[in-house]
Amino acid sequence: MDERMLAMMETMRSVEADKLVRAVRSMVEASPEISGREVLTRLEDLAKETQERANEAIVASEPDRDECVKCGQPIQTDFRDRERWVHTSDGSRGCRAATFNDEDGWNDDIPRSWTATPRKQRI
């Protein structure tokens, strides 16, 4: 990992530590006689909720996958634009580019105008 990535990770850890300190301070201010066990239980609950939200965000960020209705290659939604579909093999929109291989080259049977298109969604 490069230095910039490590610095960003350390910053994220620092932010999380600050959140924990604020959470404990809030618990103690609200109930000065709170036990350490109760603080730990509440922090564990907070960590569980945070992990669940993170898991939901990861699942929601996964691309939609399908098969191109034109060339039959696997396609998925582009991570930058969820409305845009690209071929999984090379990230290209064009079917002709996605079917290129070193042995056969371009598939000239595929028109250049074909682009990654999913099957029609049934409602």
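Biologist: How far apart are Arg-13 and Glu-10 in helix H1 (residues 3-30)?

Modeller: Arg-13 and Glu-10 are three residues apart there, which puts about one helical turn between them. Helices are DSSP runs of H or I with at least four residues, strands are E runs with at least two, and both are numbered from the N terminus. Please keep in mind that this is a predicted model, where local features need pLDDT of at least 70, side-chain atom pairs count only at pLDDT 80 or more, and totals for chains, interfaces and linings use all residues. Residues are numbered from 1 along each chain as its sequence is written, and side-chain values use heavy atoms, leaving out hydrogens and water.

Biologist: What makes the contact of Arg-13 and Glu-10 a salt bridge?

Modeller: The term asks for a side-chain nitrogen of Lys or Arg within 4 Å of a carboxyl oxygen of Asp or Glu. Arg-13 and Glu-10 come to 2.6 Å, N to O, so the pair meets that definition.

Biologist: And why does Asp-64 with Arg-82 count?

Modeller: Their closest N and O atoms are 3.9 Å apart, so this pair also falls within 4 Å. Asp-64 sits in the loop between H2 and strand E1 (65-67), while Arg-82 belongs to strand E3 (residues 81-87), 18 residues apart.

Biologist: Why is Asp-66 called buried?

Modeller: Buried means under 20% relative accessible area, exposed means over 50%, and partly exposed lies in between (1.4 Å probe, protein chains only). Asp-66 has 14%, so it is buried. Its salt-bridge partner Arg-119, with N and O 2.8 Å apart, is partly exposed at 47%. Asp-66 lies in strand E1 and Arg-119 in the segment after helix H3 (95-98), so they tie together parts 53 residues apart in sequence.

Biologist: What makes Glu-56 exposed?

Modeller: Glu-56, found in helix H2 (residues 36-61), has a relative accessible area of 56%, so it passes the mark for exposed. Across the chain, buried residues make up 20% of the 123 residues.

Biologist: What is the order of the elements of the chain from the N terminus on?

Modeller: The chain runs α-α-β-β-β-α.

Biologist: How do you know that the chain is more spread out than a compact globule?

Modeller: Its radius of gyration, taken over C-alpha atoms, is compared with the globule rule, 2.2 Å times the number of residues to the power 0.38. The chain has 24 Å, well over the 14 Å that the rule gives for 123 residues, so it is more spread out than a compact globule. Along its principal axes, the C-alpha trace spans about 75 × 45 × 20 Å.
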